[in-house]
Amino acid sequence: MLFNSIEFLIFLPTTFILYWLLKDKIKWQNLFILLVSYIFYGWWDVRFLSLIALSSAVDYTIGIQLNQAEKPIKRKLLLGVSLAFNLGLLGFFKYYNFFLDSFVDAFAALDIHLNTSSLNIILPVGISFYTFQTLSYTIDIYRKKMQPTTDPIAFFAYVSFFPQLVAGPIERASNLLPQFFSKRTISPALISDGLRQILWGMFKKIVIADNCAVIVDAVFSDYGAHNSTTLIVAAILFAFQIYGDFSGYSDIAIGTAKLFGFRLMTNFSVPYFSRDIAEFWRRWHISLSSWFRDYLYIPLGGSRGGLSMQLRNVFAIFIISGFWHGANWTFIVWGALNALLFLPLLLRDTNRKYTETVAENRHLPNIREVAQMLMTFVLTVILWVFFRSDSVGDSFSYLQKIAACNFSQNIYNQKDVFLLMPLISIMLIIEWLNRDKSHQMDIQRFSPIIRHTTYVFLLALIYLFSKYSSNTFIYFQF
Amino acid sequence: MKKTFAKFSIYVFVLIGIHYFAAMRAGSYFDPFYLRFTTGQHASMVVGTSRAAQGILPEVLNRELGGEYTTIANFGFTIVNSPYGEVYLNAMRQKLDTTKQPKKNIFIVSVDPWSITTKNNPTDDVALYREQNLFLDKMKTIGEVGKPNFEYLSKGYAESWGKILYRPITNKRRMCLHEDGWLEVNVPMNESAVQKRQTAKVENYTNLLIHYALSNNRLHELGQTIDFLKQHGEVVLVRLPISSEIYDIEKQLMPDFDEKMCLLSQKYTVPYWSFIDKLSEYTYTDGNHLYKDSGRKISKEIAQMIRYNITSSCRQPNSFIGD
């Protein structure tokens, strides 16, 4: 079920009402969440529910076993089983054909031609998200950072919690799971806050991302036919498309969770106002970046050790993060290029230079900050070309065509591009005004007139651009 | 809490109200198909692709034939939505009013080579037909009366909701779908504008030639369509005129199309009228579709041919029977 679909418009209020009818009955509420989460997921493909159930069952059992095991070898073995199972699942469904094809291509380069055939594997929606979520649970128990739960319903509900099941935020058991055991409360302020965040997410998805997608898809699918101006415009629009799409989803997910009395972690924090690439990565897909930081980067040694170790760790985290996005060399190159941009900051020990919000306590940034933000944005736009292209060759060809400097005023679909400019400006202005808030529609501090005018304005735009046939979210493919 | 819900409910009801209002108001100028799903069933119909949708005017037919025949509606769509096949036939079944009528029923079946072809489908696999899973395949309320038809809006209307509101304004001069199903297209008809559209159309259709091929299944389904409609009234097969340039392309696509239609005409004992010999007598918006003036003219001619029971335009019918 898509957040931007008619089905969800019916699903959400129905589940909300039924859920709060079970007020004070935590176990029943958990069971209800589990049930509606499976319905929500089964709406796509009921077959893949078994994968979630299996993944949940394996990690639930291993969690209890880990807690009981005292011998380090047994604990390691149990952790290994969990890792093998979850990563095996991910590997088979997401990467099997990629590895097979890459293997065949590598041998073909040596003039050895292997006879293999790819399997027709359907990628289960959200598999990359929920496997990481269950893994964090097992690893945290292994590290004795948390106790396992003995309530299977709560655990299964935690893994399949519908607002964030298919595209995150990738929650940590230490944050989300305890919420399944505590009494949930609802208040007008929380409902309003949740609805505002949903509204903002819908705006970013329906008004920004879906409109950018029309131009981006057309240009990237036939980039050879366009001039440099159009290619630059499309690359910039893709930056806004993927931001609107993914952060929009996260906002809807977090806002929806609030309606059910849950607090999910922030996943995006105005990343396009970053002053360098390190700050960008602290503000973009925070739940994934911090997952890799805690479960991969730090165990590998982090920024400690010699230069070679630092290099290895930075490249490892960025390349694996890129590969997590999809079974394509484009994502790996995208990750490696991000590492290349990040590395100088790490080596000069300036990677944590900008941890506070830009222009804090000021209305506007200074010229230096504007230049830094623009430079960071330009770099991310260039790297997004690799993310969006079908192949690495296409990415380089796309950038080469830009570099050919065939600038002309003829922009593909010029009318729609001009329509998008004020819409993107509206998004950026609102985000700037609320850049230090937990989400960018946190406008409680304004007067009711301003608030309701904003709601009406955003709703009108969302209505104008809504369709019956909803566009899916980009991150569902990951 | 109550205040919060009250405020939220106001927003929800206003939005629903606006959407309902927009869907109610949506009509002739917002979409080329919508009204065909709000006007109920009809006992007499024009069926075919966009050539029929734009080229045959029920208003003229009804005026000329009104005394004898039930009111005719145009139920033609496009080559993508309504080539002959099971999907379109099932849609006709829903649209057809089968109650006993005091007058005769008439069905004008517009045919052309493209309407019995498949695209990029060498094995003629029905599962790959482009109309599968489009609105005519999915809808269950094709014959219903009254607005709004939310089923069509959700299954057939792919544009944004905003366009339901503002398209009636922006589209007013370009397109008008009449209540009787005729799609009136208003485009500049000066020589250079027509030439430009025709050149684009010829180029497009020439490129399409390698992708399209005769579908024996569709040909069979056309026969089934005729057979079905014959059970409910008189049927005539019509090949509407096109520009000579488009005709040249069609000859390459299916040189024996007229012969195939003549065979069908004989098999089902229905007349087949081809206007291919009179191409220069009509004007076209883009070479492929009749301009509305010519649509009026040909509709009147078809009405007269029905009235006077004109026989098929097959020149040597016996030569096709397999002698």
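**Notes on a predicted two-chain model**

1. Start with the contact between the chains. Chain B gives 15 residues to this contact, and chain A gives 14 residues. On the side of chain B that touches chain A, three helices each supply at least two residues: helix 1 (2-25), helix 6 (150-155) and helix 7 (161-170). Helix 1 of chain B has the largest share of that side, with 6 residues. By type, this side of chain B has 9 nonpolar, 4 polar and 2 charged residues. Keep in mind that this is a predicted model.

2. Next, the scores. The model has an ipTM of 0.73 and a pTM of 0.83. Chain A has a mean pLDDT of 90, and 96% of its residues reach 70 or more. For chain B the average pLDDT is 90, with 97% of the residues at 70 or above.

3. One stretch of chain B calls for care. Over residues 317-323 of chain B, pLDDT stays under 50. The model has 8 contacts beyond four places in sequence for this stretch. Where pLDDT is low, the predicted coordinates should not be read in detail.

4. Now look at one helix pair across the two chains. Helix 8 (residues 188-221) of chain A packs with helix 1 of chain B at an angle of about 25 degrees. Their axes are 9 Å apart. Are these helices roughly parallel or roughly antiparallel? Angles under 35 degrees count as roughly parallel, so helix 8 of chain A and helix 1 of chain B are roughly parallel to each other. Their crossing is right-handed. Helix 8 of chain A makes the contact through Pro188(A), Ile191(A), Ser192(A) and Leu195(A). Helix 1 of chain B brings Lys3(B), Thr4(B) and Phe8(B). The residues of this contact divide into 4 nonpolar, 2 polar and 1 charged.

5. Helix 1 of chain B also packs within its own chain. Helix 1 and helix 7 of chain B meet at an angle of about 50 degrees, with their axes 9 Å apart. At that angle, helix 1 and helix 7 of chain B are therefore oblique to each other. This crossing is left-handed. On helix 1 of chain B, the contact uses His19(B), Ala22(B) and Ala23(B). On helix 7 of chain B, the contact uses Trp161(B), Ile164(B) and Leu165(B). The residues here are 5 nonpolar, 1 polar and no charged.

6. Check one backbone detail in chain B. The peptide bond from Lys147(B) to Pro148(B) is cis, with omega near -5 degrees. Pro148(B) sits in the loop between helix 5 (135-138) and helix 6 of chain B.

7. Asn413(A) is not a glycine, yet its phi is positive, about 55 degrees. Asn413(A) lies in the loop between helix 15 (392-403) and helix 16 (414-433) of chain A. Asn413(A) counts as partly exposed because it has 16 C-beta neighbours inside 10 Å. Thr269(B) is also a residue other than glycine with a positive phi, near 45 degrees. Thr269(B) is placed in the loop between helix 11 (257-267) and strand 9 (272-274) of chain B. Thr269(B) has 10 other C-beta atoms within 10 Å, so it is exposed.

8. Is Ala278(A) buried or exposed? Ala278(A) has 21 other C-beta atoms within 10 Å, so it is buried. Ala278(A) belongs to helix 10 (residues 277-283) of chain A. Leaving out residues up to four places away in sequence, Ala278(A) touches Phe342(A), Leu345(A), Asn351(A) and Arg352(A). Ala278(A) and Phe292(A) are 14 residues apart in sequence, and their C-alpha atoms are 14 Å apart in space.

9. Last, Pro72(A). Pro72(A) is in helix 4 (residues 72-109) of chain A. Pro72(A) counts as exposed because it has 8 C-beta neighbours inside 10 Å. Between the C-alpha atoms of Pro72(A) and Arg196(A), the separation is 48 Å. Along the chain, Pro72(A) and Arg196(A) are 124 residues apart.

Notes: Residues are numbered from 1 along each chain as its sequence is written. Chains are lettered from A and ligands numbered from 1 in the order in which they are written. This is a predicted model: local features need pLDDT of at least 70, side-chain atom pairs count only at pLDDT 80 or more; totals for chains, interfaces and linings use all residues. Two residues are in contact if their C-beta atoms, placed from the backbone, lie within 7 Å. Helices (H or I, at least four residues) and strands (E, at least two) are DSSP runs, numbered from the N terminus. Ala, Val, Leu, Ile, Met, Phe, Trp, Tyr, Cys and Pro count as nonpolar, Asp, Glu, Lys and Arg as charged, and the others, Gly among them, as polar. A residue is buried if 20 or more other C-beta atoms lie within 10 Å of its own, exposed if 12 or fewer, and partly exposed in between; C-beta atoms are placed from the backbone. pLDDT is the predictor's confidence in each residue, from 0 to 100. Axes are lines fitted to C-alpha atoms, for helices over the stretch in contact, and angles run from 0 to 180 degrees between N-to-C directions. Angles under 35 degrees count as roughly parallel, over 145 as roughly antiparallel, 65 to 115 as roughly perpendicular and the rest as oblique. A crossing is left-handed if the near helix is turned anticlockwise from the far one by less than a right angle, and right-handed if clockwise.
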